[in-house]
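Hi,

Here is the structure I promised to pass on. Have a look at it first, and then read my notes below.

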Amino acid sequence: MTETSWTRRISAGILTSLKGMGDLVAYTYLVIFVLTFVEVALRYGFNSPTSWTIEVCLFLAATHFLLGGASAAAHDGHFRIDVVVRLLKPGAVRFLDRLRHVIVVGVCSGLLYWALPQALRSISKGELSPSGLDLPTPMILKTLIATSLVLIIIQALAQLVALTHGDNE
């Protein structure tokens with residue numbers, strides 16, 4: 001197996017996995033819909049609202065946005081200004097695509113440098129939410145921020161490898 005062959009396979013596998021993860025995470029909004037519907041029914045139908053629904057819905061929405069970023073980029077749904085790209089020659093578009101991935105890796109690496117110690121500190125302290133529920137929401141979200149940054153870095157590197165080897169998926 002040549003180097004080009006295995007790098008293409010790994011790159012394609014990473015991108016496929018990230019796309020699938022994003023499709024799966026999209027179902028969090030179905031859960032948010034059901035929870036919100038139940039909350040409204042309990043609040044206005046029975047005058048008995050829950051104390052946890054809003055916090056759980058915010059957590060689920062944050063999870064979707066954090067994990068959906070890498071998937072959206074893998075679907076090529078972000079990080080490009082299409083109006084400008086349409087005006088450029090194909091060679092310039094390929095150069096800008098590569099540059100875009102390099103910039104994404106640099107920016108996300110800088111953010112990860114900040115986010116990882118925050119996540120590790122939160123995990124070591126067992127950080128809980130300040131609400132009366134004492135859910136581990138801050139700990140989980142800080143960990144998800146670091147995780148999503150790693151996923152976006154991996155995705156950008158995989159797409160950069162695919163572009164470098166001419167696999168314009």
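To start with, what pLDDT does the protein chain average, and what share of the residues score at least 70? This is a predicted model, and the average for the protein chain is 84, with 92% of the residues at 70 or above.

Helix H2 covers residues 28-45, which makes 18 residues. From first C-alpha to last it reaches 25 Å, close to the 26 Å expected at 1.5 Å a residue. Its buried residues are Thr28, Ile32, Leu35 and Glu39. Looking down the axis of H2, you'll find these within an arc of 70°, so they line one face of the helix. The other side of H2 has exposed residues: Leu30, Phe33, Phe37, Tyr44 and Gly45. After the helix comes Asn47, with a positive phi near 50°.

H2 also takes part in an aromatic pair. The model has 2 aromatic pairs by the rule used. In one of them, the ring centres of Tyr29 and Phe65 are 6.4 Å apart and the planes stand at 80°, so the pair counts as edge-to-face. Tyr29 sits in helix H2 and Phe65 in helix H3 (residues 53-74), so to speak a link between distant parts of the chain, 36 residues apart.

H5 has 36 residues and reaches 51 Å between its first and last C-alpha, close to the expected 52 Å. Where does H5 kink? The kink, of about 30°, lies at Tyr113, shortly before the proline Pro117. The buried residues in H5 include Val93, Asp97, Arg100, His101, Val104 and Val105. Further along H5, Cys108, Leu112, Ala115, Ala119 and Ser122 are buried too. Among what covers the buried residues of H5 are helix H4 (82-85) and helix H6 (137-164). Just after H5, Gly126 has a positive phi of about 65°.

That's what I have for now.

Cheers

Notes. Residues numbered from 1 in each chain as written. Predicted model: local features only at pLDDT ≥ 70, side-chain atom pairs only at ≥ 80, totals over all residues. Heavy atoms only, no water. Helix = DSSP H or I, 4+ residues; strand = E, 2+ residues; numbered from the N terminus. Expected span 1.5 Å × (residues − 1). Buried < 20%, exposed > 50% of the residue type's maximum accessible area, 1.4 Å probe, protein only. Arc of directions from axis to C-beta. Bend = angle between axes of the 7 residues up to and from the residue. Contact = heavy atoms within 4.5 Å. Phe/Tyr/Trp six-rings, centres within 6.5 Å; stacked < 30°, edge-to-face > 60°. pLDDT = per-residue confidence, 0-100.
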